[in-house]
Amino acid sequence: MTADSTQVRFQARTDGPRSGWLKKLILLSREYYYDAKRFIAHSGALSPRHLATLRALVTMDTHRVEKGLAIPSPKPWFGEPIIKRVLHNTSLYARLGGDEDVCKAALDAVESYLDANSQHAAAEPQWAPELKRTVAGLNEQLRPAGLLGGTKTVSRETVYKASRLDSLDFFTSRYSIRDFAADLVTEEQIAAAVAAAQHTPSVCNRQSWSVHVFPRGPHADAVLACQNGNAGFGHTASHILLITVDLRTFVYPGERNQGWVDGGMFAMSLLHAFHALGIGTCCLNWSVDSQADRRLRAVAEISSHEIVIMMLAVGQLPESLQVAASWRRPLDDVIRTGRLRQFTMQGGDQ
Ligand SMILES: Cc1cc2nc3c(=O)[nH]c(=O)nc-3n(C[C@H](O)[C@H](O)[C@H](O)COP(=O)(O)O)c2cc1C
């Protein structure tokens with residue numbers, strides 16, 4: 001047990017509002033309500049209403065098919081309900097004028113599924129011929145495109161080669177930069193970093209993120225004025241990026257916090273992508289109350305289905321600069337042996 005797990009009474013000072021706990025509780029409930037209202041209005045948790053949610057449903061099921069094919073020994077003709085549902089939703093989405101690449105990826109996945117199943121001896125289920133007819137019909141409807149869905153073979157060597165870093169210094173040499181050089185980051189560099197960050201894993205491959213780019217000057221200044229952690233350096237950044245997530249891509253109550261996870265992971269990849277290009281970044285928190293969130297939405301065009309994950313200041317590195325030491329917790333504090341509440345040698349956990 002560490003000292004931190006002891007409960008003690010103390011009067012620490014914070015910069016939060018000074019009020020009684022009841023008032024604080026009411027204010028906190030109001031903030032939760034603000035977030036919940038947006039999630040309920042835009043996600044598909046109550047019922048899917050937006051085309052973007054249908055797109056997410058197609059993408060999720062496409063991914064379920066792909067991931068089912070990517071395991072060591074997929075069960076013959078696995079997942080009948082998923083296969084039928086993805087085709088139903090894809091036809092619907094195509095009919096409603098949805099993104100053809102999304103439909104094509106779904107079809108590619110189902111075709112890979114048919115291919116894989118044709119290669120083993122298990123008898124075709126009775127729903128297979130109908131499935132093939134639907135696939136053929138949809139294929140005729142969609143323009144040809146490269147392979148977008150299904151699985152692909154990757155060799156360990158390719159991964160090893162491409163991911164080889166000289167050392168883990170890549171991670172330990174990234175600092176939050178609060179003093180940027182005058183030179184601008186180019187649009188191409190931003191595009192390259194975002195393209196790399198798009199390889200971030202996301203829940204069922206839904207890729208809910210967007211990046212709003214504000215160049216140095218009045219545009220960046222306007223959004224920086226809504227944020228509380230950039231005093232003295234924000235204006236030196238070449239660009240301010242605003243990372244948002246589309247709530248319409250989430251469909252279950254259990255996904256109410258998923259946007260923060262996927263958006264946060266994407267943001268981290270983006271930081272590392274800029275780092276790989278030798279460009280400095282500083283995360284700018286969006287830990288704000290509803291009032292500040294409304295203020296930003298009044299200044300910047302952020303759709304109501306988007307939540308703001310954070311801002312990111314990006315800019316070129318000066319020749320030499322000061323960075324915060326940012327002490328790290330000892331590894332022993334971080335890596336902990338996983339313990340079960342109850343464990344018997346015979347039966348495992350109960
Ligand atoms: C979500 C998030 C929000 C942050 N917000 C701010 C901010 O508003 N202003 C700032 O100067 N730094 C901000 N930071 C940077 C942290 O202070 C910094 O990452 C941390 O101290 C570790 O230092 P390092 O990034 O140099 O390793 C933020 C970091 C994260 C992850």
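A nitrogen atom of the ligand sits 3.2 Å from a polar backbone atom of Cys283. The model is predicted. Cys283 is among the residues that come nearest to the ligand, together with Ser176, Arg178, Gly229 and Asn285, out of 14 around it.

- The side chain of Arg178 has an N or O atom 2.8 Å from an oxygen atom of the ligand.
- Ser326 places a polar side-chain atom 2.9 Å from an oxygen atom of the ligand.
- The protein buries 66% of the 620 Å² that the ligand exposes when taken alone.

**Shell around the ligand**
- Strand β3 (residues 279-285) supplies 4 residues, the largest share of the shell.
- Sorted by class, the shell has 6 nonpolar, 5 polar and 3 charged residues.

**Aromatic pairs**
- Phe170 and Phe171 form an edge-to-face pair, with 5.4 Å from centre to centre and 90° between the planes.
- Phe171 counts as partly exposed because its relative accessibility is 41%.
- Trp209 and Phe266 form a stacked pair, with centres 4.6 Å apart and 15° between the planes.
- Trp209 belongs to strand β1 (residues 209-215) and Phe266 to helix α10 (residues 258-276), so this pair ties together parts that are 57 residues apart in sequence.
- Trp209 is buried at 10% relative accessibility, and Phe266 is buried with a relative accessible area of 0%.
- Trp77, Phe78, Tyr113 and Trp127 are linked into a cluster by ring pairs.

Technical notes. Residues numbered from 1 in each chain as written. Predicted model: local features only at pLDDT ≥ 70, side-chain atom pairs only at ≥ 80, totals over all residues. Heavy atoms only, no water. Phe/Tyr/Trp six-rings, centres within 6.5 Å; stacked < 30°, edge-to-face > 60°. Buried < 20%, exposed > 50% of the residue type's maximum accessible area, 1.4 Å probe, protein only. Helix = DSSP H or I, 4+ residues; strand = E, 2+ residues; numbered from the N terminus. Near = heavy atom within 4 Å. Polar contact = N/O pair within 3.5 Å; in protein donor to acceptor, adjacent residues only side chain to side chain. Areas by Shrake-Rupley, 256 points an atom, 1.4 Å probe, with all protein chains shown as cover. Nonpolar A, V, L, I, M, F, W, Y, C, P; charged D, E, K, R; others polar.
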